[in-house]
Amino acid sequence: MNRLSDTDPKQFIADFVLSFTEDLLRDDEDPAAVVDRYHTPEIVQIADGHRIDRDKLIAHTRPVRKNRPTCRVEVHEALTDGDTLAARYTLHTRMRGKDLSIEAHFFGRFAEDGRMRRAHILTRTVPAGEAAPTG
């Protein structure tokens with residue numbers, strides 16, 4: 001896994017999102033092991049106002065594995081300050097024959113080893129294939 005301090009912020013968040021999803025879908029590895037590889041034990045994400053801790057994140061892997069989405073990430077902006085990353089990106093997915101695009105405004109903190117410690121994420125669904133303007 002890349003370290004935030006060693007990677008371009010846009011590349012870091014794109015790699016993080018895609019690698020986490022790919023590792024979940026790769027095989028039948030215990031989802032807790034995959035979550036722990038990408039997140040610290042005290043992980044808390046606030047996604048659209050919903051608090052997600054480690055246990056809820058592990059539970060969320062079940063529908064991801066069931067739906068088996070394909071994904072790509074289009075990062076529009078990303079900035080870092082120490083262990084903090086702010087990014088605006090669009091996640092384009094295809095699952096069960098349906099295309100979906102989700103704009104995300106992400107503010108997160110990462111451990112020295114690149115695992116996520118905390119995140120606040122605001123999302124909205126946009127018409128498939130539509131990307132937010134850059135810059």
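These questions and answers cover helix packing and aromatic pairs in a predicted model.

Visitor: How are α2 and α3 oriented to each other: parallel, antiparallel, perpendicular or oblique?
Guide: Helix α2 spans residues 31–38 and helix α3 spans residues 54–67. Their axes come within 9 Å and cross at roughly 120°. Perpendicular covers 65 to 115 degrees and antiparallel needs over 145. That makes the orientation of α2 to α3 oblique.

Visitor: Which hand does the crossing of α2 and α3 have, left or right?
Guide: Here α2 is the helix that passes α3. The crossing is right-handed.

Visitor: How many residues of the contact of α2 with α3 are charged?
Guide: From α2 come P31, A32, V34, V35 and D36. From α3 come R54, L57, I58, T61 and R65. By class, 6 are nonpolar and 1 is polar. The charged residues number 3.

Visitor: How is α1 oriented to α2, parallel or antiparallel?
Guide: The axes of α1 and α2 lie 10 Å apart, at an angle of about 165°. Angles over 145 degrees count as roughly antiparallel. That makes α1, relative to α2, roughly antiparallel.

Visitor: Which residues of α2 make the contact with α1?
Guide: The crossing of these two helices, α1 and α2, is right-handed. On the α1 side the contact uses F16, S19, F20, D23 and L24. On the α2 side it uses V34, V35, R37 and Y38.

Visitor: How many residues of the contact of α1 with α2 are nonpolar?
Guide: The contact includes 1 polar and 2 charged residues. The nonpolar count is 6.

Visitor: What is the geometry of the F12 and F110 pair?
Guide: The ring centres of F12 and F110 are 4.9 Å apart, with 90° between the planes. Planes over 60 degrees apart count as edge-to-face. The pair is therefore edge-to-face.

Visitor: How many residues apart are F12 and F110?
Guide: F12 sits in helix α1, residues 9–26. F110 sits in strand β5, residues 98–110. The pair links distant parts of the chain, and the separation is 98 residues.

Visitor: Is F16 buried or exposed?
Guide: F16 also pairs with F110, at 5.6 Å centre to centre and 80° between the planes. That pair ties together parts 94 residues apart, since F16 lies in α1 and F110 in β5. Buried means under 20% relative accessible area. At 6%, F16 is buried.

Visitor: Which residues do ring pairs link into a cluster?
Guide: The structure holds 6 aromatic pairs. Ring pairs link these residues into a cluster: F12, F16, F20, Y38, F106 and F110.

Terms used:
Residues numbered from 1 in each chain as written. Predicted model: local features only at pLDDT ≥ 70, side-chain atom pairs only at ≥ 80, totals over all residues. Heavy atoms only, no water. Axes fitted to C-alpha atoms, helices over the stretch in contact; angles between N-to-C directions. Helix = DSSP H or I, 4+ residues; strand = E, 2+ residues; numbered from the N terminus. Parallel < 35°, antiparallel > 145°, perpendicular 65-115°, else oblique. Left-handed = near helix turned anticlockwise from the far one by under 90°. Contact = heavy atoms within 4.5 Å. Nonpolar A, V, L, I, M, F, W, Y, C, P; charged D, E, K, R; others polar. Phe/Tyr/Trp six-rings, centres within 6.5 Å; stacked < 30°, edge-to-face > 60°. Buried < 20%, exposed > 50% of the residue type's maximum accessible area, 1.4 Å probe, protein only.
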